[in-house]
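Have the sequence and the 3D view open as you read.

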Amino acid sequence: MNKIVHRIGGVVAPLCIATFFLSTVLTELFGSPAAVARLKSLIVTPGLWILIPAIVAAGGSGLILSRSRESRLVDAKKKRMPIIAANGLLVLVPCAIVLNRWAAASSLGAAFYAVQAIELVAGVTNLALMSFNVRDGLRMAGRLRVRAGSSTMKV
């Protein structure tokens, strides 16, 4: 059961972040202020209600699954998870909520775009870290071969 929960959380969380990132960039480039406000609302609800449980499911089930394993890949994944969680809870969630409120109030000024930039950097950081975890998980499961001379990121 934990493997299934881990797989689902490990796929859903990065897909959510990638969707939020891509939709934000496209809406900012091609959408109206009303479209930006609608998107920010959707990212908060239902977006965060999907993303946060997915991260918790992936992280929690990963900890349970890793209890009986010791390897360089497990250690790398364990080091990344606190960064992913902290980045999500301390940066991404507050940014999403603030941006949603400002967009709903049509306050799309310099502060909005500064926070938007912070959110995009934090999002791409989490997406990269989650991608490394997916890669290492696939390697651990034998579904992805390790190329000669490649190394695992030590973050």
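This is a predicted model: local features need pLDDT of at least 70, side-chain atom pairs count only at pLDDT 80 or more; totals for chains, interfaces and linings use all residues.

## The chain as a whole

Zooming out, the protein chain has four helices and zero strands, so to speak an α-α-α-α run when read from the N terminus. Its C-alpha atoms fill a box of roughly 50 × 35 × 25 Å along the principal axes.

Of the 155 residues, 35% count as buried. The accessible surface is about 9000 Å², and carbon and sulfur atoms account for 70% of that. As for contacts, take those between residues at least 6 apart in sequence: 77% of them join residues at least 24 apart.

## Helix α3, kink included

Helix α3 covers residues 72-104, which makes 33 residues. At 1.5 Å a residue, α3 should span 48 Å, and its end C-alpha atoms sit 46 Å apart, which agrees. There is a bend to look for along the way, though: α3 has a kink of about 35°, centred on glycine 88.

What caps the N-terminal end of α3? Serine 71 does. One of its side-chain oxygens lies 3.4 Å from the backbone nitrogen of leucine 73.

## Lysine 77

Lysine 77 belongs to helix α3. Is lysine 77 buried or exposed? With a relative accessibility of 15%, lysine 77 counts as buried because the cut-off is under 20%.

Leaving aside residues up to four places away in sequence, lysine 77 touches His6, Asn133, Asp136, Gly137 and Met140. With asparagine 133 there is also a polar contact: a polar atom of the lysine 77 side chain lies 3.2 Å from the backbone oxygen of asparagine 133. For a sense of distance along the chain, asparagine 87 is ten residues from lysine 77, and their C-alpha atoms are separated by 15 Å.

## Between α3 and α4

After α3 comes serine 106, which has a positive phi, near 60°. Serine 106 lies in the loop between α3 and α4. Its relative accessibility of 63% puts it over the 50% cut-off, so serine 106 counts as exposed.

Looking back along the chain, leucine 92 is 14 residues from serine 106 in sequence, and the two are 20 Å apart from C-alpha to C-alpha.

## Helix α4 and what follows

Helix α4 takes in residues 110-140, a total of 31 residues. How far apart are its end C-alpha atoms? They are 45 Å apart, which agrees with the 45 Å that α4 should span at 1.5 Å a residue.

Just after α4, glycine 142 adopts a positive phi of about 80°.

Definitions and conventions: Residues are numbered from 1 along each chain as its sequence is written. Side-chain values use heavy atoms; hydrogens and water are left out. Helices (H or I, at least four residues) and strands (E, at least two) are DSSP runs, numbered from the N terminus. The expected span of a helix is 1.5 Å times one less than its number of residues. The bend at a residue is the angle between axes fitted to the seven residues ending there and the seven starting there. A polar contact is a pair of N or O atoms within 3.5 Å; within protein, one must be able to donate a hydrogen and the other to accept it, and residues adjacent in sequence count only if both atoms are side-chain atoms. Buried means under 20% relative accessible area, exposed over 50%, partly exposed in between (1.4 Å probe, protein chains only). Contact means heavy atoms within 4.5 Å. Accessible areas come from the Shrake-Rupley method with a 1.4 Å probe; for residues, only the protein chains shown count as cover.
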